[in-house]
Amino acid sequence: MKRIFRKIFLAYLVVIVVLTTTILYFSFSIIKENHQNNLIENLLNINNPIDRAIVPLLLDSNMTRMDSLVKVIGNDIKVRITIINNEGIVLADSQKEPSKMQNHSDRPEVIKAFALGKGSSIRYSSTVKKDMLYVAVPIKVNGKLLGVSRLAIYMDDFDDLISNLRVRILQIVFIVVIISLILAIIFSRNITKPIADLVLVSKAVAGGDFEVKAIAETNDELKLLADSFNNMIDKIRYLFQKTNRQKEELINIISSIQEGIVVIDNEGKIKLTNQSFNKIVNNESAVGMFYWEIIREPAITKIVKKLKDSDKNRNTEIILNDEYYICNASHINDRKEIVLSLYNISHLKKLENIKKEFVANVSHELKTPLTVIKGYIETIEEEIDEKNKKYLNIIKNHTNRLIDIVQDLLTVSKLEDNNIKLDISEFKLKPFFANVYDTFEQRLKNKNLYLKINLADENLVLEADEYKLEQLFTNLIENAVKYSEQGGITISAVKENSGMRFEVADTGIGIPDSDIGRVFERFYTVDKSRARNYAGTGLGLSIVKHIVNLHKGSITVESKYGTGTKFVILIPLIGLNSDIT
Ligand code: ADP
């Protein structure tokens, strides 16, 4: 506030100083000029009677008389009188002996008098050694120029007068300036005080005090400003209370959520946790600490890093204190903060494990009796009569189907085993697919279908679990053969930056749009009546998906119902050890 006061005050000061100096400067020069003009006028007036007294003596050439007359008059009227002839020779002078004086034809006032009819000048007189004002007028008789009469007065008096005047004026100006400055201080205070009050009020509001009010005693713009400011305080108070209420509600909601929730800032410091999170990590004072000090789980550090690199929400499965959690990470507040939610899936994991174990055990137990049944069917098939052969065929088909299901279930169980290890090796794709081709050669011939293998490069190699990839392609080609009645299957492989991209396309019956999202689910078969025709287990694509996931790859399917189906598989060339989904 002192700054504004200083600025306004300085502005006043500058205006006052500029105004007074300008007025002083001009008034001094005007006064001086007026006074000089008056003096010149007076000297010219005095000159007339003097000329009249001198002319007869001049005509008589009575220089001695003229000189004494000039001395008497000059002494009386305190004016120096000098009579000069046409050649500039001094004929008479009231203060000096004319014969001892220089030729005066070069004096400015004399030159002007001869040329213009009158002349004046102020200058230093070498004769009397003082500053003097000279006024010279020509002496004429009947139009004949006889010389010049020059009157002069000392400038001492005039200078004294002017400096007296200056002192008086300066005294008055000084008093006026002092009064003006006092007024300037009062005006500046009047302007800055309401602003200073407003600053105090705004500081109080910034500090959280919404009960203060800005008061302006004047009835001008500052009053309007104070009124708007008060309105603003009311609005801020209302919004503040509303936000606080909403914040409390939100905190209550977050606290009551079963999932553990933690908000971390850009540097990884914990800003907020809920009760469930505190319980999970067994720490009530996690706020303010780094999240890695609280949850020592590398998978979380990885998803936080991945989330920072791209906006996609991430989730991963983690184990904390022997409990399983799905940890989800997403951005909030314009990417400034990250919220992690921990959902306990231990009960689901337990159920899933029980289910897996049950399926594996049942499949295992069923495998032997089914193989025995199949064996007996084949034995009695030889001996049975034609009538009963029809029924035995039905039993045989269903037994084969059961054996397929059991086999597929065992495969799925093995793939789902948490301890499963991939047997990674580097193998060439050309012999790999040649082998796959051989497996299907007969079935393709039977259905009159082709199988084309298009490798972008003859020497393509892949680092993966060869046996499982064989299972993957066998399942896909089996489906393609099963669901195609004409045309054939085209397999292509091309190496891309992100991995090896395979396509398995057929010209079969296709998959309806409504089913395409579910074909990878276990036991899912499109349209039961159609499935019966083709007799599948509904586990083939589930096995395929498992194998792709184990390789950290991806699989998508495109299909046009009635035209064909295309599966696109991407197997990454690196990163098989990453555990982030
Ligand atoms: P299934 O053993 O019944 O073939 P899958 O899991 O292999 O089971 O396939 C699931 C369903 O997806 C199948 O019932 C089938 O209707 C459909 N399907 C899979 N592959 C193809 C394909 N190449 N063409 C048409 N439909 C297909």
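Let's start with helix α11, residues 429-447, and helix α12, residues 466-482: their axes lie 11 Å apart and the helices pack at an angle of about 20 degrees. Angles under 35 degrees count as roughly parallel, so α11 is roughly parallel to α12. The crossing of α11 past α12 is right-handed. Keep in mind that this is a predicted model.

Which residues make the contact? From α11 they include Phe432, Phe433, Val436, Phe440 and Arg443. From α12 they include Glu466, Leu469, Glu470, Phe473 and Ile477. Sorted by class, the contact of α11 with α12 has nine nonpolar, two polar and six charged residues.

Now the second pair. Helix α4 covers residues 156-206 and helix α5 covers residues 221-256; their axes come within 11 Å and cross at roughly 5 degrees. α4 and α5 are therefore roughly parallel to each other. On the α4 side, the contact uses Ile191, Pro194, Ile195, Leu198, Val201, Ser202 and Val205. These meet Leu222, Leu225, Ala226, Phe229 and Ile233 of α5. Here the classes come out as eleven nonpolar, one polar and no charged residues.

How many cavities of 30 Å³ or more does a search of the whole structure find? One. The largest cavity holds about 40 Å³ of space. Its lining consists of Pro194, Ile195, Leu198, Ile215, Ala216, Leu222, Leu225 and Ala226. Helices α4 and α5 each supply at least two residues of that lining. Pro194, Ile195 and Leu198 of α4 were also named in the contact with α5.

Notes
Residues numbered from 1 in each chain as written. Predicted model: local features only at pLDDT ≥ 70, side-chain atom pairs only at ≥ 80, totals over all residues. Heavy atoms only, no water. Axes fitted to C-alpha atoms, helices over the stretch in contact; angles between N-to-C directions. Helix = DSSP H or I, 4+ residues; strand = E, 2+ residues; numbered from the N terminus. Parallel < 35°, antiparallel > 145°, perpendicular 65-115°, else oblique. Contact = heavy atoms within 4.5 Å. Nonpolar A, V, L, I, M, F, W, Y, C, P; charged D, E, K, R; others polar. 1 Å grid on protein atoms, 1.4 Å probe; cavity = no way out; pocket = protein on both sides within 12 Å on 5 of 7 lines; lining within 4 Å. Points joined across faces, edges and corners; volume = space filled by probe spheres on them. Left-handed = near helix turned anticlockwise from the far one by under 90°.
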